[in-house]
Amino acid sequence: MLFKNVYFDLNHKIANGFYSPGNSLPNENELQQIYGVSRTTIRKAIDQLVSEQKVVRKKGSGLFVRPTISKQNILNMTGIIRPTYLESSDKVKFKDTYLRLVGPYYADILGISANELLYYVSFKTLSSHGKSFEKLLLPLDNFPGFDPACLKVTPIIEVVNSGKFNLENVYQDFQLVEASAESSKQLNLKIGSPIFKITNLFSTADKKNVAIEYRMQDALNTEYSIDFN
């Protein structure tokens with residue numbers, strides 16, 4: 001099969017949503033098996049999709065459909081701590097990714113049954129701005145097509161926006177707290193060290209809470225600014 005055939009097929013699958021924005025593609029070895037062609041042919045097809053900004057090749061992480069940038073009002077809101085946008089040099093290291101029961105505490109926050117399922121993802125982001133330890137909680141019913149791998153190339157606000165509901169608001173809670181055993185281990189700090197903890201609670205126009213994000217960073221080596229412009 002010529003590289004053009006591979007290119008057209010992948011391009012079609014991206015266009016019709018078979019591979020969604022921000023989600024991972026099969027790696028080059030898997031694509032070789034799927035199409036029965038050489039690695040050179042696969043790379044040539046991928047190179048063209050990368051040059052057309054339809055695919056992101058992230059070193060050490062794989063291939064991803066380029067995420068869609070949201071135009072929602074939430075990105076233009078003033079007085080909130082801006083979400084972190086992943087850059088090409090940023091690295092995401094997963095710690096835990098699994099489905100669990102929502103439980104009574106999060107059921108009350110999210111307004112759903114405690115017996116429903118919830119994606120629980122914890123990961124570290126290493127960037128030029130420092131290191132952060134994050135947790136993301138997404139109800140399965142709100143995010144049926146969620147692929148945790150998309151967090152390697154997609155900002156959290158875009159991930160949250162990829163579900164069944166449109167975001168309109170975010171409630172932010174900003175705290176200075178002591179590092180727990182877990183956060184101190186992930187941030188390479190002593191237990192009890194000061195850390196900034198941000199809780200983001202994303203909701204719809206009718207005040208339905210859709211997702212929860214926790215972000216923790218070393219308070220002694222992190223600067224935050226609030227944009228009121």
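A nonpolar core, as I use the term here, is a set of buried Ala, Val, Leu, Ile, Met, Phe, Trp, Tyr and Cys residues joined through side-chain atoms within 4.5 Å. The model I am reading is predicted.

**Entry 1: cores**

I looked up the largest nonpolar core and found 19 residues in it. L136, L138, F146, L151 and V160 have the most contacts inside this core. Helix α5 supplies the largest share, 4 residues. I also noted a second, separate core of 17 residues. Y7, I14, I42 and A45 are among its members. For background, nonpolar side chains tend to be buried together in soluble globular proteins.

**Entry 2: the open sheet**

Next I traced the strand order. An open sheet of 6 strands runs β4-β5-β6-β9-β8-β7, and the pairing is antiparallel. Which strands stand at the edges? They are β4 and β7 (169-178). Each has a single partner strand, so one side of each lacks a neighbour in the sheet. On average, neighbouring strands here are turned by 15° against each other, direction ignored.

I checked the β7 end of the order. β7 pairs with β8 (residues 194-203) in the antiparallel sense, over 10 bridges. E178 stands opposite P194 of β8.

**Entry 3: helix α4 on the sheet**

I turned to α4, residues 103-110. This helix lies across β4, β5, β6, β8 and β9, and it runs at about 115° to β9.

Which residues of α4 are buried? I get G103, Y106, A107 and L110. They cover an arc of only 110° around the axis, so they sit on the same side of α4. P104, Y105 and D108 are exposed on the other side of α4. The buried residues pack against β4 (91-101), β5, β6 and β9. Just after the helix, G111 takes a positive phi of about 65°.

**Entry 4: helices α2 and α3**

I looked up how α2 (residues 28-35) packs on α3 (residues 39-51). The angle is about 110°, and the axes are 9 Å apart. Angles of 65 to 115 degrees count as roughly perpendicular, so α2 is roughly perpendicular to α3.

For the contact, I listed both sides. α2 brings E28, N29, L31, Q32 and Y35. α3 brings R39, I42, R43 and I46. I42 had already come up in the second core.

**Entry 5: the β1-β2 hairpin**

Last, I took the strand pair β1 (residues 55-58) and β2 (residues 62-65). They pair in the antiparallel sense over 4 bridges. How many residues lie between them in the hairpin? There are 3. In the turn, G60 has a positive phi of about 85°. R57 stands opposite L63 of β2. K58 has G62 as its bridge partner in β2.

Note on methods:
Residues are numbered from 1 along each chain as its sequence is written. This is a predicted model: local features need pLDDT of at least 70, side-chain atom pairs count only at pLDDT 80 or more; totals for chains, interfaces and linings use all residues. Side-chain values use heavy atoms; hydrogens and water are left out. Two strands pair if DSSP finds at least two bridges between them. Helices (H or I, at least four residues) and strands (E, at least two) are DSSP runs, numbered from the N terminus. Buried means under 20% relative accessible area, exposed over 50%, partly exposed in between (1.4 Å probe, protein chains only). The arc is that of the directions from the helix axis to the C-beta atoms. Contact means heavy atoms within 4.5 Å. Axes are lines fitted to C-alpha atoms, for helices over the stretch in contact, and angles run from 0 to 180 degrees between N-to-C directions. Angles under 35 degrees count as roughly parallel, over 145 as roughly antiparallel, 65 to 115 as roughly perpendicular and the rest as oblique.
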